[in-house]
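Hi,

Here is the structure I promised to pass on to you. Have a look at it first, and my notes follow below.

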Amino acid sequence: MTPNCYMCDEPGTTVEHVPPKCLFPEDKDLPSGIKLRNSLITVPACKTHNTRFCRDDEFLMYILVINLPANYTAFRQFRTKILRAVQRNPSLIKKLFANTHRVYVRSKPNGPLEPSLAYDIDEARFNAVLEKVARGIYYHHYNICWPGEIHVRPEFLVSIDQPNSIQTNILTQTITAASNMLFAGSPSYGANPSVFCYQVYDLPGKAPLMMRFRFYGEGCVTLIFNKRDLPTALIPPETASGPSN
Ligand SMILES: [Zn+2]
């Protein structure tokens, strides 16, 4: 019997990688003997909900790789896969770096300010792609669809020059501090943690279920699965165990 799609009630006739496979460097781009495509997480998906059929997976990869807290694996992915894509399609660089801003950043709390570049992203699309990844990881972890909303909070985005930038950035810092405490010491899942791993924090009853994704080492995203609005019958069973497969 074909299992259902991780997003809807249609049969899951295709295989979706969560997160997308393109985030994980190919063997040819890695030193000999190093493999970062071990045991990738997959879920069943209908054609409509398989991101392989649109450009969202590449969009996600570009943003996560060109991200300040990203690790050396991301740098390697930039030097290989992304530069090849730019060579094939030079207009990509314009698309990637539309509306750049000169900014100064501190890489350590009391370190010097160093010049860098910030660029605008399509935040609604970015969050929508991350939400789909979250639904896929939920399906993988619990073997059922998540029936409610998911709030997506990337911890590395900074709001610049918006009327509410200060409040937005304070909220992001607060969520990061809370997640650092909440997830400290809880197990991480994912066979290639230098690219992606996730943690789960589930409280009983209608308290929210929380997840944290970690892309390329330090690119963290907090996900809040709000059980409050769900009918009691739809509240998923709690689990203290790991993923079901
Ligand atoms: Zn579907």
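Which pattern does the protein follow when read along the sequence? The answer is β-β-α-α-α-β-β-α-β-α-β-β-β-β. That comes to five helices and nine strands, where helices (H or I, at least four residues) and strands (E, at least two) are DSSP runs numbered from the N terminus.

Two things to know before you start. This is a predicted model, in which local features need pLDDT of at least 70 and side-chain atom pairs count only at pLDDT 80 or more, while totals for chains, interfaces and linings use all residues. Residues are numbered from 1 along each chain as its sequence is written.

Now the overall shape. The C-alpha trace spans about 50 × 40 × 35 Å along its principal axes.

- The peptide bond from Val 18 to Pro 19 is cis, with omega near -10°. Pro 19 sits in the loop between β1 (14-17) and β2 (42-45).
- Ser 39 lies in the loop between β1 and β2 and has a positive phi, near 45°, though it is not a glycine. Ser 39 counts as exposed because it has 8 C-beta neighbours inside 10 Å.
- Tyr 216, also not a glycine, has a positive phi near 50°. Its place is the loop between β8 (209-215) and β9 (219-225), and Tyr 216 is buried, with 21 other C-beta atoms within 10 Å.

Finally, a helix pair. The axes of α1 (residues 56-65) and α4 (residues 123-142) come within 10 Å and cross at roughly 105°, which makes α1 roughly perpendicular to α4 (65 to 115 degrees; under 35 is roughly parallel, over 145 roughly antiparallel and the rest oblique). Axes are lines fitted to C-alpha atoms over the stretch in contact, with angles from 0 to 180 degrees between N-to-C directions. Asp 56, Phe 59, Leu 60 and Ile 63 in α1 meet Arg 125, Phe 126 and Val 129 in α4, a contact being C-beta atoms within 7 Å.

Best wishes

Notes. A residue is buried if 20 or more other C-beta atoms lie within 10 Å of its own, exposed if 12 or fewer, and partly exposed in between; C-beta atoms are placed from the backbone. Two residues are in contact if their C-beta atoms, placed from the backbone, lie within 7 Å.
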